[in-house]
Amino acid sequence: LLPFSSPRQHLFIMAAVHPTLGVRMHNICCIGAGYVGGPTCATIALKCPHVKVTIVDLNEQRIAAWNSDSLPIYEPGLDEVVKACRGKNLFFSTDVAGAIKEADIIFASVNTPTKVKGVGAGRAADLRYIESVGRTVAEHANRNKIIIEKSTV
């Protein structure tokens with residue numbers, strides 16, 4: 001599937017561990033298929049064809065839309081980016097646990113709306129969704145991962 005000159009090169013690259021970080025860097029999981037995670041990780045897939053990018057979300061309708069010809073969001077040029085990469089090194093799924101287990105790098109790109117009650121209501125970010133991502137990653141991670149919080153906060 002990925003553009004390597006030989007199966008041997010593919011195995012070497014996919015098993016390679018970054019010398020300083022001590023982790024592989026060839027499978028990205030983005031948790032959250034919205035306005036931040038979708039375009040960001042689709043662009044990573046376009047610019048890094050050797051990296052497998054899986055965008056996951058619990059919303060089955062949103063994932064179905066990403067897998068269709070009618071994307072759930074609009075960004076200029078996004079349709080062309082997704083069409084160029086989808087099914088090659090860009091995938092959309094509702095299997096959050098499976099994507100976490102396979103990933104080397106995880107982007108947490110979930111909704112961070114403004115709090116409506118409690119301390120900071122009307123001003124502070126409601127972090128319940130990002131906290132849920134942290135708990136889910138902790139539950140399903142099977143080795144060291146690089147976690148990147150990429151949201152509107």
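Student: Which helix gives the largest share of the lining of the largest pocket?
Tutor: This is a predicted model. Rolling a probe the size of a water molecule over the atoms shows where empty space is left. Here, helix 6 (residues 128-140) supplies four residues, the largest share of the lining of the largest pocket.

Student: How many residues line the largest pocket, and which lie nearest its centre?
Tutor: The lining has 21 residues, and Gly32, Asp57, Ser109, Val110 and Asn111 are nearest the centre. By type, the lining splits into nine nonpolar, nine polar and three charged residues. The volume of this pocket is about 480 Å³.

Student: Which residues of the largest nonpolar core touch the most other members?
Tutor: They are Val53, Ile55, Trp66, Leu78, Val82, Leu90 and Phe92, in a core of 21 residues. Helix 4 contributes the most to this core, four residues. As for Leu90, its contacts beyond four places in sequence are Cys41, Ala42, Ala45, Val53, Ile55, Val82 and Cys85. There is also a second, separate core of 13 residues, with Ala103, Ile130, Val133 and Val137 among them.

Student: Is Asp104 buried or exposed?
Tutor: A residue counts as buried under 20% relative accessible area. Asp104 has 2% relative accessibility, so Asp104 is buried. Asp104 sits in the loop between helix 5 (96-102) and strand 4 (105-108).

Student: What lies 2.8 Å from a polar atom of the side chain of Asp104?
Tutor: The backbone nitrogen of His26 does. Beyond four places in sequence, Asp104 touches several residues, including Arg24, Asn27, Arg143 and Lys145.

Terms used. Residues numbered from 1 in each chain as written. Predicted model: local features only at pLDDT ≥ 70, side-chain atom pairs only at ≥ 80, totals over all residues. Heavy atoms only, no water. Helix = DSSP H or I, 4+ residues; strand = E, 2+ residues; numbered from the N terminus. Buried < 20%, exposed > 50% of the residue type's maximum accessible area, 1.4 Å probe, protein only. Polar contact = N/O pair within 3.5 Å; in protein donor to acceptor, adjacent residues only side chain to side chain. Contact = heavy atoms within 4.5 Å. 1 Å grid on protein atoms, 1.4 Å probe; cavity = no way out; pocket = protein on both sides within 12 Å on 5 of 7 lines; lining within 4 Å. Points joined across faces, edges and corners; volume = space filled by probe spheres on them. Nonpolar A, V, L, I, M, F, W, Y, C, P; charged D, E, K, R; others polar. Core = buried A, V, L, I, M, F, W, Y, C linked by side-chain atoms within 4.5 Å.
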